[in-house]
Structures are given as C-alpha cells and as structure tokens.
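I opened the model to look up a handful of residues, the domains and the ligand site. The entries below follow the order in which I checked them.

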Amino acid sequence: MSEDDKERTVELHYEGGVLKLPVFTGTEGERTIELKTLLGSTGMTTLDPGFSNTASCSSKITYIDGDAGILRYRGYPIEDLAVGATFLEVAYLVIYGELPGPDQLKDFSDKLRENADIPADMGTLIDAMPRNGHPMALMASAVNTLAAYYDDSVDPGDEDQVELATIRLLAKLPTIAARIYRNSIGEKPISPDSSLDYVDNFIRMTFGDTHADSELGDLFNQAVGMLLVLHADHELNCSTATVRVVGSSKADIYASVASGLNALSGPSHGGANQAVLEMLEQIRDSGISIEDFLERVKAREMRLMGFGHRVYKNFDPRSKEIKVLASQILDRDDNPDELFALALKLEAAALADPYFTERKLYPNVDFYTGVIYRTMGFPNNMFTALFAIGRLPGWVAHYREQLHDPAFRIARPRQHYVGASERRLPGLE
Ligand code: CMC
C-alpha cells in the first residue's frame, strides 16, 4: 500500500481485531469513512441519533460548509444566485445540473405554463377539504393524489415518466397552494395565466390583481422570486432526506414529495417560519420584555424560533440575504415595521448573550422570512407553503439523483435494541 493509500483508510480497533475502513474525499476536501463492511466484519452497528455524523449518500447537488457559512447549488454560491438568477433558472440548475441556455429555459418555462392547470376533479377535491385546515396538510394531501390523476407518470424506472412528473409537480404546486389560500379566505380560485412567468403567475393566482397596487410595487414579485431561490435546496435536510427515504422504496415521485411536504411542516423544520412570526406576535401582544423572553428560552420553557441550525455553526448565508431583503422592504423611515424592529432587537439581544453564542445559535433562514411574507399579505399559515414551493426543485433533484446512484439501496437503518429480553406469556412459561 502506498503512503497515499494509507491516508485513505482508517483503522477500527475492536475486540475481534482491526478493521481497515476506506476514507473518501469529496470535491471540497470533506472526508467520509465508508462503513459498508462494518456490520459484516465486526457484528457491530453505529448509533448516530439524528444522523448528525452520517452521510447516507453521495450527492452532486448542493454543498454546505456550516462553519464558513457557505452554500452552493451545483457549485454556484447562493449569494450570486440570489441576485443573478431567476427561480426557474435555479430550479433548472438544481434539477438538471447546469444553468439553462435560452432555448432550454424557454422550453422549461413553456412546459410549466402548459401544465399549470389542475384537473377539474382535483379542484373540486381541494375545495371539499376543510377550508380552515392548515395549508401544509392540504397541500400534502393534494400532491399525494397527483399520482392517482396522472398514473402515466408514476414509474420511477421510466425516465420519461419521471421527467413528466417533474414538470407536473413544479407546474401545479403553486396552483394548488394558491387555490388552498383562496379557499381559506372564501374567494373563488384564479386559473393560471399562461402569459405570466412562474412567480408572477403564482402571485396573481393567490392575490388576483390586488397586489399590483401594493406599495412594494415590483419589489414584491422580485422578493418572492429571491426567497424561492434561497430555499431551492439544502442537501440532506429532514424533508429532503424523507423524500429520498420514501423514494428508496421505489415509491413514485408524487408520494415521495408529499412525504417531503409533511416532513417540512414541523416547527423544527419549515414550520419554523410560521412559528417565528407567532413568537414575535406573542412577545408584542403579551408585553413581555425581550430580556424576560430570552430568560424563558434559557430556562428551556421554549426555543427561540428561527435560531439554531444542525449544520450552520457560524451564520446561515440565506439568513444574511433575507435580512437585507427585509430591510429593503420593511425598514422604511416613513413606515418601519414593528415586528421587523422587534426581530432585530431579539436577534441583537440573543447574539449578545453567551447562552446562544456558546451553543453557536444564530438566525437561520426562517428568522426573517415571516415578517416579509406577512407584509406581502400572506397569512402566517401560508409561510411554510411558500418554503415548499421553493424547496420543490431540491426534492425533485434528490429523488432523481438517487435513481441513478450506483450505490442505491432501499433506506433501512439499523437500531440499537434496549428493550426486554425474551419472555413468555403468563401460563406459557
Ligand atoms: N433556542 C434555544 N436553544 C436552542 C435552540 C433554540 N432555537 N436551538 C438549539 N438550542 C440549544 C439546545 O437546547 C441545546 O442546548 P444544550 O446543549 O444545553 O442541551 C443546543 O442548543 C443544541 O441543540 P440541538 O437541539 O442538539 O441542535 P439540533 O442541531 O439538533 O437542532 C434545530 C437544530 C434547528 C432543530 C434547533 O436549533 C431548533 O429547534 N431551532 C428552532 C427551530 C428552527 O428555527 N428551525 C428551523 C431550522 S433552519 C430551516 C429548516 O431546517 O427548515
């Protein structure tokens, strides 16, 4: 073995001997120990709650360096994409691996426009669901039914079908979300307008033409587009990992994405943007001081929502971009937004407190999005639906990448059993 090769293995010394394990080096120098032979050779498994130390696959989609606050989709820094690419360009990049040329973009955009409508029956089905139900529950249910409406695109083994389903999902999710919102306010649905681009169409289906009168003007649509870009992928987060796990059983892409929606809905994940806004409202309405609120957090009565991240231990680059956007939209001298002002104070107070800095807790992507969405007119319970529309390209890209992974196997973790040893039913001892 050469010196070079030696560096590419680690040795595990255990009671039964020594096991050499290969070490792979990723594009950015990240090193990963491959454990494929561990169980067979040693009879032992690994225990890694929350998978903090476990890479469950190799991926070419997104790179994160959590200590340096780096996030790149397909190699492109998030800061560049936020200002230099549209959501559709980013969606294409994330899913297909390269930025689209003009013809590819036109073709992609045309297909999405052509497929934006949902079947009439499906509209009736959405209308029949509880109108005050949470949009994430309704969206996940609606997306699940897409497999039934489009059973010509449910075979993961057929690339054309997966491609067709990809287009249908991207095209229809904004239509589904907008319809759910309009039902919740007792308004008639607005059909997609094929003359509009993706983001403009979603906003029109949601608010009709009323947003055109918004004081925010053009910034409104640009801001939504940028927020979607910032959410487009985040490697193996909870919902994306869920999409992969469900997809690993060869479940169709609709079922897998519906599972991703359900995973995203939790307040520790995408549901945090709604929880942040509710927390700010609670602080404002109760009159509690920021200092007292943080004391309650430190006493573990609650978490500071929108703070902390499993991977980012310095800052979340998305949060930086979103804070700038929030300042542009909400920090106007003539009319400063009170919840944004409160969020700024809360952030400053937390970052001055060793409890948070010692634990490396900084604002994450969800801390400032809610105050922006609220100003745009989205109700609190729609915030996570916006996150979902943004994250959809990532879910789809991971589902598709997994299908072509030579190491692809059904996801089936092991457990560390600590339950009862064998015992007999009374009377059968
Ligand atoms: N407020 C107060 N304390 C916190 C927080 C918080 N938001 N987050 C973590 N901690 C503390 C936690 O109590 C623990 O302290 P100790 O070591 O003394 O027991 C320490 O920090 C480590 O926490 P952890 O729970 O082991 O960290 P994790 O990596 O498992 O959790 C997290 C990550 C995002 C779930 C968590 O930080 C959290 O609950 N944050 C609030 C919810 C939130 O904003 N979620 C959005 C995440 S980013 C976007 C997304 O994924 O969708």
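Entry 1, a loop glycine. I looked up Gly377 and found it in the loop that joins helix 18 (369–376) to helix 19 (383–403). The model is predicted, and I keep that in mind for every value here. Is Gly377 buried, partly exposed or exposed? Its relative accessible area is 36%, so Gly377 counts as partly exposed, the class between under 20% and over 50%. Once I leave aside neighbours within four places in sequence, Gly377 is in contact with Tyr181 and Phe207. I also took the C-alpha separation between Gly377 and Thr206, which is 9.9 Å for two residues 171 apart along the chain.

I went on to Val224, which sits in helix 10 (residues 218–231). Val224 has a relative accessible area of 1%, so I list it as buried. Which residues does Val224 contact, leaving aside its neighbours within four places in sequence? I found Val199, Ile203 and Met376. For Val224 and Ile288, 64 residues apart along the chain, I noted a C-alpha separation of 32 Å.

I placed Leu21 in strand 2 (residues 17–25). Leu21 counts as buried because its relative accessibility is 4%, and the cut-off for buried is under 20%. The C-alpha atom of Leu21 is 49 Å from that of Asp110, and the two residues are 89 apart along the chain.

Entry 4, a serine close to the cut-off. I found Ser259 in helix 12, which spans 253–264. Its relative accessibility is 19%, so Ser259 still counts as buried, given that the class ends at under 20%. What does the side chain of Ser259 reach? I found the backbone oxygen of Ala255 at 2.9 Å. An α-helix has 3.6 residues a turn, so residues three or four places apart point the same way. Not counting residues up to four places away in sequence, Ser259 touches Thr242 and Val246.

I checked how much of helix 4 (residues 87–96) is covered and got eight buried residues out of ten. I list the buried ones as Phe87, Leu88, Val90, Ala91, Tyr92, Leu93, Val94 and Ile95. Just after helix 4 comes Gly97, with a positive phi of about 100 degrees.

Most residues other than glycine have a negative phi. Phe51 lies in the loop between helix 2 (38–42) and strand 4 (62–65). With a relative accessible area of 55%, Phe51 is exposed, since that class begins at over 50%. I also wrote down Lys250, a residue other than glycine with a positive phi near 70 degrees. Where is Lys250? I found it in the loop between helix 11 (238–247) and helix 12 (253–264).

I took the domain assignment as it stands: domain 1 is 7–54, domain 2 is 107–219 + 234–262 + 382–402, and domain 3 is 269–374. How far apart are the C-alpha centres of domain 1 and domain 3? I noted 38 Å.

I listed 22 residues around the ligand, of which His269, Arg300, Leu304, Gly306 and Arg310 come nearest. I sorted this shell into ten nonpolar, seven polar and five charged residues. I then looked at individual polar atoms. A ligand nitrogen lies 2.9 Å from a backbone N or O atom of Phe307. A ligand oxygen is 3.4 Å from a polar backbone atom of Gly270. For Arg359, an N or O atom in the side chain is 2.9 Å from an oxygen atom of the ligand. How much of the ligand's own accessible area does the protein cover? I recorded 75% of 930 Å².

Note on methods. Residues are numbered from 1 along each chain as its sequence is written. This is a predicted model: local features need pLDDT of at least 70, side-chain atom pairs count only at pLDDT 80 or more; totals for chains, interfaces and linings use all residues. Side-chain values use heavy atoms; hydrogens and water are left out. Helices (H or I, at least four residues) and strands (E, at least two) are DSSP runs, numbered from the N terminus. Buried means under 20% relative accessible area, exposed over 50%, partly exposed in between (1.4 Å probe, protein chains only). Contact means heavy atoms within 4.5 Å. A residue is near a molecule or strand if one of its heavy atoms lies within 4 Å of it. A polar contact is a pair of N or O atoms within 3.5 Å; within protein, one must be able to donate a hydrogen and the other to accept it, and residues adjacent in sequence count only if both atoms are side-chain atoms. Accessible areas come from the Shrake-Rupley method with a 1.4 Å probe; for residues, only the protein chains shown count as cover. Ala, Val, Leu, Ile, Met, Phe, Trp, Tyr, Cys and Pro count as nonpolar, Asp, Glu, Lys and Arg as charged, and the others, Gly among them, as polar. Domain bounds come from an automatic or database domain assignment.
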